[in-house]
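Hi everyone, thanks for making time today.

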Amino acid sequence: MIYHCNRCRYDFEASVPPVRCPDCGSRALRRATRAERVEYLQLMKLVAAESWDDAGLRRRAGNAAAEESPSPAREKELPVCSA
Ligand SMILES: [Zn+2]
């Protein structure tokens with residue numbers, strides 16, 4: 001079940017009806033409306049996808065760096081500033 005805090009608008013999941021909001025401690029809780037449930041689930045999906053992507057990106061970035069490191073990085077001749 002997903003609940004909604006009327007005070008801080010925090011949405012959260014709980015298996016038993018919560019007494020207090022885990023975020024702000026308020027007792028002004030009610031069951032989330034359909035729209036709020038959808039919003040909450042979409043947010044959770046985004047968060048899950050995001051953290052997965054982050055891990056994947058870090059792996060890919062690490063591999064790319066390892067592959068590129070042996071190749072010589074040619075330094076371009078920089079124009080000497082003769083003031
Ligand atoms: Zn709250």
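This is a predicted model: local features need pLDDT of at least 70, side-chain atom pairs count only at pLDDT 80 or more; totals for chains, interfaces and linings use all residues.

The mean pLDDT of the chain is 83, with 73% of the residues at 70 or more. Confidence is highest in β3, at 97, and lowest in helix α1, residues 34-68, where the mean is 79.

The three strands form an open sheet in the order β2-β1-β3, and the pairing is antiparallel. Why is one side of β2 and of β3 left without a neighbour in the sheet? Both β2 (11-13) and β3 (29-31) stand at the edges and have a single partner strand each, so one side of each has no neighbour there. On average, neighbouring strands of this sheet are turned by 35° against each other, if we ignore direction.

Now the pairings one by one. Strand β1, residues 2-5, pairs with β2 over three bridges, in the antiparallel sense. Within that pairing, Tyr-3 has Phe-12 in β2 as its bridge partner, and Ile-2 stands opposite Glu-13. On the β3 side, β1 is joined by three bridges, again running antiparallel. There you will find Cys-5 opposite Leu-29.

β1 and β2 also form a hairpin, with five residues between them. For background, most residues other than glycine have a negative phi. Arg-9 sits in the loop between β1 and β2. Arg-9 counts as exposed because 11 C-beta neighbours lie inside 10 Å, and the cut-off for exposed is 12 or fewer.

Next, a residue in a strand: Glu-13, in β2. Is Glu-13 buried, exposed or partly exposed? Glu-13 has 13 other C-beta atoms within 10 Å, so Glu-13 is partly exposed. Glu-13 and Met-1 are twelve residues apart in sequence, yet their C-alpha atoms are 5.7 Å apart in space.

Met-1 comes up again with Val-16. Val-16 lies in the loop between β2 and β3, and its C-alpha atom is separated by 7.9 Å from that of Met-1, 15 residues apart along the chain. Val-16 has 6 other C-beta atoms within 10 Å, so Val-16 is exposed.

What about the inside? Buried residues make up 7% of the 83 residues in the chain. Which residues form the largest nonpolar core? There are five of them: Tyr-3, Cys-5, Cys-21, Leu-29 and Ala-32. In soluble globular proteins, nonpolar side chains tend to be buried together.

Leaving aside residues up to four places away in sequence, Cys-5 touches Tyr-10, Cys-21, Asp-23, Cys-24, Ser-26, Ala-28 and Leu-29. Two of those names, Cys-21 and Leu-29, belong with Cys-5 to the largest nonpolar core, and Leu-29 is also the residue opposite Cys-5 in β3.

One last number, for the chain as a whole. Of the contacts with a separation of 6 or more, 33% are between residues 24 or more positions apart.

Conventions
Residues are numbered from 1 along each chain as its sequence is written. Two strands pair if DSSP finds at least two bridges between them. Helices (H or I, at least four residues) and strands (E, at least two) are DSSP runs, numbered from the N terminus. Axes are lines fitted to C-alpha atoms, for helices over the stretch in contact, and angles run from 0 to 180 degrees between N-to-C directions. A nonpolar core is a set of buried Ala, Val, Leu, Ile, Met, Phe, Trp, Tyr and Cys residues joined through C-beta atoms within 7 Å. A residue is buried if 20 or more other C-beta atoms lie within 10 Å of its own, exposed if 12 or fewer, and partly exposed in between; C-beta atoms are placed from the backbone. Two residues are in contact if their C-beta atoms, placed from the backbone, lie within 7 Å. pLDDT is the predictor's confidence in each residue, from 0 to 100.
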